[in-house]
Every structure is written in C-alpha cells, then in structure tokens.
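Hi,

Here is the model I promised to pass on.

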Amino acid sequence: PRRVPAQKQQRAVALKADDAGIWSALGEARTLKANGVDAAAHQAFAKAVAIDPKDARARYFLGVEKDVAGDHKGAVDLWLAVLEDAPADAPYAQSVRDLVQQVASTQGIDVGGRLPPAPAAPMPPTGGAMGGDGAAAAAAAIPGPTQEQLSAASSLTPSQQDEMAKGMVARLAAR
C-alpha cells in the first residue's frame, strides 16, 4: 500500500478529528518522516488513544517510543496489552508477539504466562498423506524465530533494535 504523507494525514485529521484511526495514521506518518516517534507523532498517538483506548497502531508506536527511551518493561507491558486486545486474526499480532519476545529476552524481562498464545494453526487431518501425527505436522508448520535468530537478536545494540523495530513496522504497514 502507498504511504500517505503527514501533510495529507493532517488534512484528514482536520476533517475527521474524532477518528482514532486517522490520528494514529498521522502519528505513523510523522514517525516515519522523523525516523522515530517525535513530539508531534507522540501527540497524534496520544489523541488516538484518548479517542479509542484500544487503538493498536497508536499503542504499538507508544511502546516503541518507550523502548527507545529505555523503558523496556513499559514497552513490553504496552505491547502485551495490544496482543490481549487483538482479534485472533490480527495481521500484526505475530510481529508484535515476536517483538515482545525479542525485547524481553534481550532486556531480561520475564513474560512467562503473560504472552497470549498464538492462534492455533488448523490441524491437518490425521493419517493420510501426512502420516498419523497431525499435531507434530502442525507444530512443525508454525513459524517463529529460531534459537539462532533469538541469540543474534539479543546481541543487537539499541540502535540496531530500533532499526529492527522499524523494519517490523514497515512489514506490518505493508500487510
């Protein structure tokens, strides 16, 4: 999808000032333009959350802001809340889940029992071409970071982690 410049988002906000989605889109455009959550982006995200406290995009970026500022636990808590409120088929949920696990691992934050489970993949039929162990076949098909990827991510500098987060944001926006 094509990105809408911050200037056009600002005009949209002027037309629909009570739309949280427009405010969070404005915040995202400002974040991309500033290469980080600056004061103007923060204001737009705060306005979105004031209108809709469950606006996932605004809360995600407010979590990014916290993480970059060094409040890793606050960021993880905010992202966990985003996941708890996410619909089962939310296209962004796995990326947020991966980010929570990465930051928690890197920063030594215990998220045991707090990370909502990923939606279960549909179970293939037992027997037939896949053999008798449908659960094992389904488990093998579930995507996720490898142990090597987790180890590599834990050695990243904060600026590299920020770049990784920006890449995740770009992939989320592309969906």
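The angle between H3 and H4 is about 135 degrees, and their axes are 9 Å apart. (Axes are lines fitted to C-alpha atoms, for helices over the stretch in contact, and angles run from 0 to 180 degrees between N-to-C directions.)

Some housekeeping before the rest. This is a predicted model, where local features need pLDDT of at least 70 and side-chain atom pairs count only at pLDDT 80 or more, while totals for chains, interfaces and linings use all residues. Residues are numbered from 1 along each chain as its sequence is written, and side-chain values use heavy atoms, with hydrogens and water left out.

**Overall picture**

The protein has nine helices and zero strands, so helices and strands here need their rule: they are DSSP runs (H or I, at least four residues, for helices; E, at least two, for strands), numbered from the N terminus. Of the 175 residues, 35% are buried (buried is under 20% relative accessible area, exposed over 50%, partly exposed in between, with a 1.4 Å probe and protein chains only). Taking contacts with a separation of 6 or more, 48% come from residues 24 or more positions apart; contact means heavy atoms within 4.5 Å.

**Around H4**

Back to H3 and H4: their crossing is left-handed, meaning that the near helix is turned anticlockwise from the far one by less than a right angle (clockwise would be right-handed). On the H3 side the contact uses His-42, Phe-45, Ala-48 and Val-49, and on the H4 side Ala-58, Arg-59, Phe-61, Leu-62 and Glu-65. By type, that contact has six nonpolar residues, one polar and two charged. The classes are Ala, Val, Leu, Ile, Met, Phe, Trp, Tyr, Cys and Pro for nonpolar, Asp, Glu, Lys and Arg for charged, and the others, Gly among them, for polar.

H4 (residues 56-68) also packs against H5 (residues 72-85), at about 165 degrees and with the axes 7 Å apart. That angle makes H4 roughly antiparallel to H5. Their crossing is left-handed. From H4, the residues Ala-56, Arg-59, Tyr-60, Leu-62, Gly-63, Val-64, Lys-66 and Asp-67 meet a set in H5 that includes His-72, Leu-78, Trp-79 and Asp-85. Nine nonpolar, three polar and four charged residues make up the contact of H4 with H5.

Then there is H2, whose axis comes within 8 Å of that of H4, the two crossing at roughly 35 degrees. This crossing of H2 and H4 is left-handed. Gly-21, Ser-24, Ala-25, Glu-28 and Thr-31 of H2 touch Arg-57, Ala-58 and Phe-61 of H4. Sorted by type, the contact of H2 with H4 has three nonpolar, three polar and two charged residues.

**Aromatics**

There are three aromatic pairs in the whole structure. One is Tyr-60 with Phe-61, edge-to-face at 5.3 Å centre to centre and 80 degrees between the planes. Rings of Phe, Tyr and Trp (its six-membered ring) pair if their centres lie within 6.5 Å, with planes under 30 degrees apart counted as stacked, over 60 as edge-to-face and the rest as tilted. Tyr-60 and Phe-61 are both buried. A cluster linked by ring pairs takes in Phe-45, Tyr-60, Phe-61 and Trp-79.

**A few single residues**

- Asp-85 lies in H5 and is partly exposed, at 33% relative accessibility. Its C-alpha is 8.2 Å from that of Ala-56, 29 residues apart along the chain. Apart from neighbours within four places in sequence, Asp-85 contacts Lys-54 and Arg-59.
- Lys-73, another H5 residue, is partly exposed at 48%.
- Ala-88 sits in the loop between H5 and H6 (93-107) and is exposed, with 65% relative accessible area. Its C-alpha is 6.3 Å from that of Pro-119, 31 residues apart along the chain.
- Asn-35, in the loop between H2 (20-34) and H3 (39-51), has a positive phi near 60 degrees. Most residues other than glycine have a negative phi. Asn-35 counts as exposed, at 51% relative accessibility.

Cheers

Note on methods:
Parallel < 35°, antiparallel > 145°, perpendicular 65-115°, else oblique.
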